[in-house]
Amino acid sequence: MKREYKLLTALVISGLMGFCAMPAEAAVTVTGETSVRTFTGNSDTDSANGNTISMKDATLTSGEYAFLYGGYAESGTADNTVSISGDTGFTSQGLSLSVFGGQVDDVAHDASASGNTVTVTLDSSAKLSGQGMTIYGGNIGSGNGSPTEGVTYEADNNTVTMNVSTTSDAVYSVFGGNSMGGSSSGNTVTITDEGSGTYFGVG
């Protein structure tokens with residue numbers, strides 16, 4: 001069954017757990033078998049822009065959750081690129097991968113997670129049976145904070161594109177941008193699923 005969604009929206013929240021730092025303005029590739037649970041295209045700087053991180057033919061082997069960030073910062077992320085491709089997946093059921101083009105944790109100050117791109121292209125051999133994947137083009141907040149009065153949040157003009165062939169028990173949540181009630185305009189989510197995956201909160 002072929003299903004396609006194209007939306008200009010944004011919304012919702014997610015829970016995060018830590019990060020591992022890699023050089024800023026980096027081009028990072030994750031491939032093969034790995035037990036690492038958190039990947040980021042940059043170190044934790046005030047401006048995480050222009051980074052690229054790719055996960056190709058990767059097998060995640062441990063932990064209940066894993067996290068993949070294009071840019072991770074306290075105040076602003078922009079123009080980061082994340083790609084997931086090939087037969088990337090997991091070694092056991094019940095695991096979940098959270099993917100962020102740009103992530104900003106600090107909600108006490110003005111924050112922007114805009115202009116990021118996430119592309120997921122998985123073939124039918126991807127090990128996704130019983131798995132979950134949550135994808136944000138841009139996200140502000142860590143899921144356990146509240147908006148600060150008078151502070152500006154922007155998660156605009158992010159792009160998420162998925163071309164997958166999934167099993168019926170693979171579950172996805174896909175969001176162009178989440179700005180904790182701030183601006184979240186011009187985000188685009190496009191999904192083409194040649195299989196029968198289940199989608200929640202597409203927007």
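1. Strand E6 to strand E10. Three bridges connect E6 with strand E10 (residues 111–114), and the two strands run parallel. Within this pairing, Gly76 has Ser112 of E10 as its bridge partner. Two strands are taken as paired if DSSP finds at least two bridges between them. Helices (H or I, at least four residues) and strands (E, at least two) are DSSP runs, numbered from the N terminus.

2. Basis of the note. The model is predicted: local features need pLDDT of at least 70 and side-chain atom pairs count only at pLDDT 80 or more, while totals for chains, interfaces and linings use all residues. Residues are numbered from 1 along each chain as its sequence is written, and side-chain values use heavy atoms, with hydrogens and water left out.

3. Other partners of E6. Strand E3 (residues 38–40) is joined to E6 by three bridges in a parallel arrangement, with Thr40 standing opposite Tyr69 of E6. Strand E9 (residues 96–104) also runs parallel to E6, through eight bridges. In that pairing, Ala66 has Leu97 of E9 as its bridge partner.

4. Nonpolar cores. A nonpolar core is a set of buried Ala, Val, Leu, Ile, Met, Phe, Trp, Tyr and Cys residues joined through side-chain atoms within 4.5 Å. The largest one has 31 residues, of which Leu97, Met162 and Tyr172 touch the most other members. Strand E5 (residues 52–60) gives the most to this core, namely four residues. A second, separate core has eight residues, including Ala113, Ile140, Val151 and Tyr153. As general background, nonpolar side chains in soluble globular proteins tend to be buried together.

5. Contact is taken as heavy atoms within 4.5 Å. Leaving aside neighbours within four places in sequence, Leu97 is in contact with Met55, Leu60, Ala66, Phe67, Leu68, Ile84, Phe90, Gly132, Met133 and Thr134. Ser98 is found in strand E9 and, at 8% relative accessibility, counts as buried. Not counting residues up to four places away in sequence, Ser98 touches Ala66, Phe67, Leu68 and Thr134.

6. Aromatic pairs. The whole structure holds six aromatic pairs. Rings of Phe, Tyr and Trp (its six-membered ring) pair if their centres lie within 6.5 Å; planes under 30 degrees apart count as stacked, over 60 as edge-to-face and the rest as tilted. The pair of Phe100 and Tyr136 is stacked, because the ring centres are 5.4 Å apart and the planes are at 0 degrees. Phe100 lies in strand E9 and Tyr136 in strand E12 (residues 132–140), so this pair ties together parts that are 36 residues apart in sequence. Phe100 is buried at 0% relative accessibility, and Tyr136 is buried with a relative accessible area of 0%.

7. Phe175 is buried, with a relative accessible area of 6%. One aromatic cluster is formed by Phe67, Tyr69, Tyr72, Phe100, Tyr136 and Phe175.

8. Cavity. A search of the whole structure gives one cavity of 30 Å³ or more. On a 1 Å grid over the protein atoms alone, a cavity is a set of points where a 1.4 Å probe fits but cannot get out, and lining residues have an atom within 4 Å of a point. Grid points are joined across faces, edges and corners, and the volume is the space filled by probe spheres set on the points. The largest cavity holds about 40 Å³ of space. Its lining consists of Leu60, Ser62, Gly63, Glu64, Tyr65, Ala66, Phe90, Leu95 and Ser96.

9. Backbone angles to check. Asp57 has a phi near 50 degrees, a positive value in a residue other than glycine. Asp57 is placed in strand E5 and is partly exposed, with a relative accessible area of 33%. Asp79 has a phi near 60 degrees, again positive in a residue other than glycine. Asp79 lies in the loop between E6 and strand E7 (81–86) and counts as exposed at 53% relative accessibility.

Conventions
Buried means under 20% relative accessible area, exposed over 50%, partly exposed in between (1.4 Å probe, protein chains only). On a 1 Å grid over the protein atoms alone, a cavity is a set of points where a 1.4 Å probe fits but cannot get out, and a pocket is an open set with protein on both sides within 12 Å along at least five of seven lines; lining residues have an atom within 4 Å of a point.
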